[in-house]
Amino acid sequence: MSTIENVKTGLTEKFGGDITNVDTQIGSRLYIDIKKERIREITEDLVSQGARYLVGVGYDSIDRDNTLGMVHNFAFDRDGFMVCVKTSVPADNPVMDSITPDIWGAGWSEREYMDLLGMKFEGHPKPKRLVLADDWPEGIYPLRKEVPHDLVPPAAEDVAYQIDECPEGTTVVPVGPFHTCLHEPEHFAVYVDGETIKGCDYRGFMTHRGIEKLCTTQVSYNEVPFIAERICGICGTVHATCYSQAVEIAADLKISRRAEYIRTIMLEIERLHSHLLWLGVAGHLIGFDTVFMHSWRVRENIMWLSERITGNRKTYGMVVIGGVRRDITPDIEADILKVMDIVEKEMVTIHGSIAGDTAIHKRTKGVGYISKEDTIKWNLVGPVARARGVDIDSRRDFPYAAYDDMKFDVPVLDSCDVWATVVVRILEIFEAIKIIRQALKGMPDDGPILTEMDEIIKPMIHSISVVEAPRGESVHYVITGEENRADRWRVRAPTYPNLQGVPQMLLNDQFADFPIILGSIDPCFSCTDRVQVINMKSGAMTVMNRNELEQMSRKS
Amino acid sequence: MWLTSKIKQIAMALRPGVVTLRYPFEPHPVPENFRGAPHWDHHKCVGCGACANHCSSRCILVRDLCQEIRVMLYDGSRCTYCGRCAEVCPEDAITMTDRFELATGQKEDITETLELFMLTCQRCGRCFDMENTNMLDRLDLRGYRYDSLETRSFIRKTTDQFDKEIFDKTVKYERPDKLGD
Amino acid sequence: MEIVYVFINIVVFLALAPLFDGIIRKLTARVQSRQGPPVIQPYFDLLKLLGKENINSADNRAFKLAPVMALASIISVISFVPLGYKATCLTGYADIITVIYLLTLGGVSILLGALSSKNTYAMIGASREMVTMVMVEPVLAMTFILGAVKVRSLGIDATMFSIAGNGYGWSVGLMLIVYLLALQAFVAKQPFDIAEAEIEILEGPFIEYSGPGYGLFKYYMMLKQMFYASLFVIVFMPFLSSGFYLVDLVIQLAEIAVVFAFIALVGSTNPRLRIDQAVKYYSVLIVLAICAVGLSAYGI
């Protein structure tokens, strides 16, 4: 058990003069500025104290002090606080040590900034292009402020993905960019030996849309939640809430308790929607269309309910900075309770009919094995981690919105396979219904649902917020800026770390298990690939690109 | 047990029956509070431009043809039906209707244009009064606004005088293809 | 007179196979609580496919030949089938070995089509199809051999009618169960549509086919389904024969519809198995089938 004070004193003692600044924020965020030479030691030290790596955030600070900044964020789950380690490198020589050899989960964060900011990380085991296309010209780093948001460099001819060589004795089966088991385009080069998978390489980020760049140059603070909602087809409210919370922390804005309760209800409704959708997709991926049809039939009730509350079946548009836009009146409350009863009854039926089905067990038990230690090493999150015995849940560890008032269980299993993820998600459906009922019963009436803010938000304040999306934990890092817009916004969706663990899960399984293993992490590639800029209309100065790849609408 | 699971799976369909809707052969009503296409009531609109300022997709455009006539154009092709315009309108002139069947091949079907006669102030010659509501206080609309209605594009900055150069640049805007443009 | 039976067989099968496939689709949809396509939808599908441009994406003759070969093989088998308990004029010219050979030829033509399309996914699908064929054809052969052992002849009508003609014994009962358990594999439906319709995992051996080639393959699959169902009805359900050809025909078609309903229900309530799991299942079935044949050799 450590507290934020202990960690602070421990680190300042150990690293002494190299730490240039220490800040705490709202009692659970610790910001430490340290010189770049000691970054590896301090991160190792934090991990040895039990911290979990969240995400790395790079930002462009060239116009202020000619440096590029990098922040590595860690979470202490059992103790409920986060530590953000900030360093900076000079812009003309942006070289720093890579922490990936010790912390595997940082691999993609660092590769991303190699592409987008031009930073170089020494010692990175796989410094290949991650985000930008292979024909993007060298020297143009999109996230730097000098690059306009709608730059379109000329395309190159004959450029292919740089996939790893396949190991001895295997052949490559290309899965993607278009494949019937994938819902968004991405490329997996699967190395198979007969029918057994021996390895996999991933090239993704094909739905990279430039949202972070767009929202820090073209859009103001309160328009961002509408775009954040469209990052992903399913976790819309999650992103909008996480961003709004981060800005509220930075701006020191307290919203009313009623708004927090309404946000909680919307988040749980979204969780219900997502898990029901996933159940259908998982059924479809193992060839069992009946489960697919039935769970989506139940999902229709949730979509009708969302339309009743928010005006739209999926893009709710409810959450803005300062609260929510619509209230929950008593007849809406009655409708919510009715739908909850229907969904609960149907879920009990569905659960009863598939729990004992040995045919489904054959396809999902023992499949997609990854041990608990590897799960922790790769920093997997969400039901994927909870199915392997790792007990993390942001709703309980870093309470936000109204979760500190709610009583709920976090299902954790330890059979380390796909079947466990199915059971975890089904149990979470029942927990979500429980939370919604509690929230409706205890909803206070203490203030306006939208708290207006009269002063300008102070610039250059860092803040970080986490929200438990249905897929795992979603992290937003915001640096406030001038001109009523954020200076930097980093979205880390839960699929980002989970995808890094997929090659491990695929090892030594049959090729026919590839879709269900991939499906078990509930991949939301649109959430993962958000950063680069792509414009659609010519002639217009400010154009947004919306998330067009919606499944189920996605899967759906 | 395997067999009982199978029987339960077949029986699962008996209670709901067939849930396929007859849509589009029958209409499908939407719940109240649905956010469909917005509609402007030209009797109530005062031409304040609050909706144009708040639109997240920049699809409400304002153009002053002369001091007395202001044209507001709503271009539904980029509208996301977020409802911010309806929320912010001080005169409640915008309602989010329940129309959602908006696919069309003609742009005019999803465009609403209002031409408003603006009364002028006798002292300063300008139009709206800013004391009444907060929304208008927060507008940065000053002077003339000349969004390009022809190319349906929004002009980010307004100046106090009409600047033909900026206007021409909007019409001929091309995306840069290398740095330094 | 018996030459008419050949034509009636072929016409009945060609006309009704899509209808029975439509029944499967409709019943599957109802189990999934949705409306489903109209029962005659497969006719529309076939007509549409046959009217499209024939793209020879693999640019070799084997690719063009494969669907035609598959359809030809199944139609030849159909002309031997003693539907309505009346042997056709061609039934005497072939025996059960020919039937098994022609059915295998159909499978081989799928392999031919898949391997000539030079596509990775088709090759994976072809290897799975090969494994399935190797493991499942013996069960069919055992069904025939059961009858052959009883009457000591290899003639088609003799073996088929004799299997259950003198009442059920243990061997016939066991064979019936084995056949039903293997029926899903014969007709390539869930849980055993591993090779053919693996839409999620691979596109299977038909990936490069489109238009008329694909339509012919689809027709082949539908005819194969109907053949296996009719085989079950002729061999294992002979008790409703009335002696009149047309009445028997109608009764058999009704029974075939019931078998199709069974296929639909099992197919819609099962996920797809992996090939290694399916192989284990098939080997158990082969052992049981051999036991049934052994039992019948002892007259049980």
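Two strands pair if DSSP finds at least two bridges between them. Strands themselves are DSSP runs of E with at least two residues, and helices are runs of H or I with at least four, both numbered from the N terminus. With that in hand, look at strand 4 of chain A, residues 67–76. Strand 4 and strand 5 of chain A pair antiparallel, over 10 bridges.

A word on the source. This is a predicted model: local features need pLDDT of at least 70, side-chain atom pairs count only at pLDDT 80 or more, and totals for chains, interfaces and linings use all residues. Residues are numbered from 1 along each chain as its sequence is written, while chains are lettered from A and ligands numbered from 1 in the order in which they are written.

Leu30(A) has Val83(A) as its bridge partner.

Is strand 5 mostly covered or mostly open? Mostly covered. It spans residues 81–90 of chain A, and nine of its 10 residues are buried. Buried takes 20 or more other C-beta atoms within 10 Å of a residue's own; exposed is 12 or fewer, partly exposed is in between, and C-beta atoms are placed from the backbone.

Of its 556 residues, 57% are buried. The C-alpha atoms fill a box of roughly 65 × 60 × 55 Å along the principal axes.

Contacts next. Two residues are in contact if their C-beta atoms, placed from the backbone, lie within 7 Å. Take the contacts in chain A with a separation of 6 or more: 69% of them join residues 24 or more positions apart.

Chain A divides into domain 1 (4–160), domain 2 (207–250 + 454–492 + 530–547) and domain 3 (254–452). These bounds come from an automatic or database domain assignment. The centres of domains 1 and 3 of chain A are 32 Å apart, over C-alpha atoms. Six residues of domain 1 are in contact with six of domain 3.

On to the partners of chain A. How many residues does chain A give to its contact with chain B? It gives 37, and chain B gives 34. On the chain A side, the elements with two or more residues are helix 9 (289–310), helix 10 (330–355) and helix 11 (358–364).

The contact of chain C with chain A takes 20 residues from chain C and 21 from chain A. Helix 10 of chain C, residues 275–297, gives the most to the chain C side, with three residues.

Ser153(C) counts as partly exposed, because it has 14 C-beta neighbours inside 10 Å. Beyond its neighbours within four places in sequence, Ser153(C) is in contact with Ala148(C) and Ala158(C).
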